[in-house]
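Me: I would like to learn how to read charged residues and helix packing in a model. Can we go through it feature by feature?

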Amino acid sequence: MNRRDLRDLGIISLPGDPGYGSRFKELFNSRLYIVHQRIFPDGETYIRLVEDLQDEKKVLIIQSMFPEQDRRFFEILQILDILDNYDKEIYLLILYMAYARQDKVFLKGEPVSARIIMRYITQNNRVKKIYVAEPHSDYVSKEFSKIHSINLIKIMGEILRGKGISRRMVVVSPDQGGAERAKVLSEILDTEYLVFKKYRDRYTGSIKTEAPENIELVKGRETIIVDDILSTGGTVTEVASFLKRSGSERIYVLCAHCLFVSDALNKVLSGGVNKIFCGNTVKRFVEDSRVEYFDLSNSIGSYIAENIL
């Protein structure tokens, strides 16, 4: 992305920001405001703007809601309260949205947690737009008019294509909900895709995976599993096992948000995955030669620059 002059935009980097604030400062020629954070002995969160806001007309808040999802959410509410003291248009970039997977009532008596998150944020009249990077589903953008989804799979697919990935590779979605992501990636790579079926026991959390009828496509070919979130790695590991048994020569994973909860990395790699491509959307990074992070800040910054005016 070429440098854009957005000096009327101030950037506020919250504690969950994995470094986008400093990158956007250079890309936009904007002022970066740092937030001081303190955790009290009882666990309560305190934040403070270190420097008073200047004469910018707009501010862009940057936050990623992992790890410590609840704390990251409350920091957004805190900064919005602070900004009530200023006459600014407010824009928010959420690089990873927590609770997005609870976007409907699966069992009677459950809340819709994704709705709770966005309801509290969007009710602030000064919040003009909220950019959510690769949300789990299109629920939030359909439910709330201020939400603008950024398609990270498309961005990452273009980066992957630039690396000369073979057209012999088959794109794989681990479940029906990710079919559109697989389709997008397969079109970028000019190859086929297939979709697994996943069944989750809503009471126990256990998962059953069913291979598609055209699983024979993967025999003797490289495959790439595409998903929005890699958390515990259970689903990816099970799908990789199917692919390996079905004759896939090499297995890759492309994931927008790599959380790597607990022993997820070892589980996925020991399950047959050869390499993992991750977006740099959360503050947790792992050091391993088989994990490659794509810097998405230029592409996300370009999208925001074109849509914030």
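Reply: Start with exposure: a residue is called buried under 20% relative accessible area, exposed over 50%, and partly exposed in between. The model here is predicted. Lys104 has a relative accessible area of 44%, so Lys104 is partly exposed. Lys104 lies in the loop between strand E5 (89–94) and helix H3 (113–122).

Me: Which residues form a positive surface patch with Lys104?

Reply: The patch is made up of Arg101, Lys104, Arg200 and Arg202.

Me: Is Lys58 buried or partly exposed?

Reply: The cut-off for buried is under 20%. Lys58 has 13% relative accessibility and therefore counts as buried. Lys58 is in strand E4 (residues 58–63). Leaving aside residues up to four places away in sequence, Lys58 touches Asp8, Leu9, Gly10, Glu89, Tyr91 and Ile308.

Me: How many salt bridges does the whole structure hold?

Reply: The general idea is that side chains of opposite charge can pair when their charged atoms come close. A search of the whole structure gives 16 salt bridges. One of them joins Asp295 and Arg23, with the closest N and O atoms 3.6 Å apart. Asp295 is in the loop between strand E15 (291–294) and helix H9 (297–307) and Arg23 is in helix H1, so this pair ties together parts 272 residues apart in sequence. Asp295, at 43% relative accessibility, is partly exposed, and so is Arg23, at 30%.

Me: Where do Lys163 and Glu292 sit?

Reply: Their side chains meet in a salt bridge, 2.6 Å from N to O. Lys163 is in the loop between H5 and E8 and Glu292 is in strand E15, so the pair links distant parts of the chain, 129 residues apart. Lys163 is partly exposed, at 44% relative accessibility.

Me: Which residues are linked in a network of salt bridges?

Reply: Glu68, Arg71, Arg72 and Glu75 are linked in this way.

Me: Now a helix. Which residues of helix H6 are buried?

Reply: An α-helix has 3.6 residues a turn, so residues three or four places apart point the same way. In H6 (residues 179–189), the buried residues are Arg181, Ala182, Val184, Leu185, Ser186, Ile188 and Leu189.

Me: What do the buried residues of H6 pack against?

Reply: They pack against helix H5 (152–162) and strands E8 (170–173), E9 (193–195) and E12 (222–230). After H6 comes Asp190, with a positive phi near 55 degrees.

Key. Residues are numbered from 1 along each chain as its sequence is written. This is a predicted model: local features need pLDDT of at least 70, side-chain atom pairs count only at pLDDT 80 or more; totals for chains, interfaces and linings use all residues. Side-chain values use heavy atoms; hydrogens and water are left out. Patches are made of residues with over 30% relative accessible area and no salt bridge: like charges are joined within 9 Å, nonpolar side chains (Val, Leu, Ile, Met, Phe, Trp, Tyr) within 5 Å. Accessible areas come from the Shrake-Rupley method with a 1.4 Å probe; for residues, only the protein chains shown count as cover. A salt bridge is a side-chain nitrogen of Lys or Arg within 4 Å of a carboxyl oxygen of Asp or Glu. Lys and Arg count as positive and Asp and Glu as negative; His and the chain ends are not counted. The place of a charge is taken as NZ of Lys, CZ of Arg, CG of Asp or CD of Glu. Helices (H or I, at least four residues) and strands (E, at least two) are DSSP runs, numbered from the N terminus. Buried means under 20% relative accessible area, exposed over 50%, partly exposed in between (1.4 Å probe, protein chains only). Contact means heavy atoms within 4.5 Å.
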